[in-house]
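Welcome to this short tour! Keep your viewer open and get ready to select residues as we go.

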Amino acid sequence: MLYKSRTKPVELKQLSSLDTRMTLPSKDKQHFINLSRGYEGEVLFDSLTEKLTCDCLLLNDLLLKANNSLFQIDSLLISSRKIHLFEVKNFEGDYNYETNRFVKLPQYEITNPLHQLSRSESLLRQLLLKDNINLPIEASLIFINPEFTLYQAPLNKPMIFSNPDQKLLERIKFNAFQFK
């Protein structure tokens with residue numbers, strides 16, 4: 001059951017409005033494109049998760065604070081036995097995983113999204129423990145774009161890839177409702 005839907009970020013609305021009125025400087029234009037792609041990926045993920053039929057709550061687009069640190073969660077699925085945190089990335093193109101680094105080929109290093117996932121999971125756990133909530137949290141990094149390839153992807157990291165041969169929703173259901 002969807003409890004909190006996603007809203008378009010204010011910064012994206014502002015940049016979109018400016019982009020129609022003027023030529024944005026290249027740095028701002030690239031930031032606008034990145035924000036747009038990210039939002040589009042999250043909306044695509046929402047279209048998949050809204051089809052979930054479960055006794056659960058789905059919260060999207062959360063901005064939370066724990067220990068004076070703000071953090072953002074793309075989607076949070078809460079059931080009676082577990083919390084599943086989803087960080088959605090709409091990357092496109094070929095990337096390589098090199099010793100805990102993500103490199104867009106040929107050689108452009110990006111911020112490792114697994115670090116963002118880990119930080120969000122840790123801060124969420126701290127926030128919940130403060131209120132004596134002890135549900136296990138399982139965090140997953142969702143690569144929603146089927147035009148994304150990660151070479152040398154480690155098998156021991158919580159990543160789910162959109163794959164034309166497998167239904168992404170089925171993989172999300174499996175990961176989200178597999179109780180260990």
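Rings of Phe, Tyr and Trp (its six-membered ring) pair if their centres lie within 6.5 Å; planes under 30 degrees apart count as stacked, over 60 as edge-to-face and the rest as tilted. By this rule, the whole structure holds 10 aromatic pairs.

This is a predicted model, where local features need pLDDT of at least 70, side-chain atom pairs count only at pLDDT 80 or more, and totals for chains, interfaces and linings use all residues. Residues are numbered from 1 along each chain as its sequence is written, and side-chain values use heavy atoms, with hydrogens and water left out.

**First stop.** Select phenylalanine 45 and phenylalanine 86: the ring centres are 5.1 Å apart and the planes meet at 55°, so this pair is tilted. Phenylalanine 45 sits in helix H2 (residues 26-49) and phenylalanine 86 in strand E4 (residues 83-89), 41 residues apart. Helices (H or I, at least four residues) and strands (E, at least two) are DSSP runs, numbered from the N terminus. Both phenylalanines are buried, which means under 20% relative accessible area (1.4 Å probe, protein chains only), while exposed is over 50% and partly exposed in between.

**Second stop.** Now pick tyrosine 97 and phenylalanine 102. Their planes stand at 90° with ring centres 5.4 Å apart, so the pair is edge-to-face. Tyrosine 97 has a relative accessible area of 9%, so it is buried; phenylalanine 102 is buried too, at 0%.

**Last stop.** Select arginine 6, in the loop between strand E1 (2-4) and helix H1 (10-21). Arginine 6 is buried, at 10% relative accessible area.
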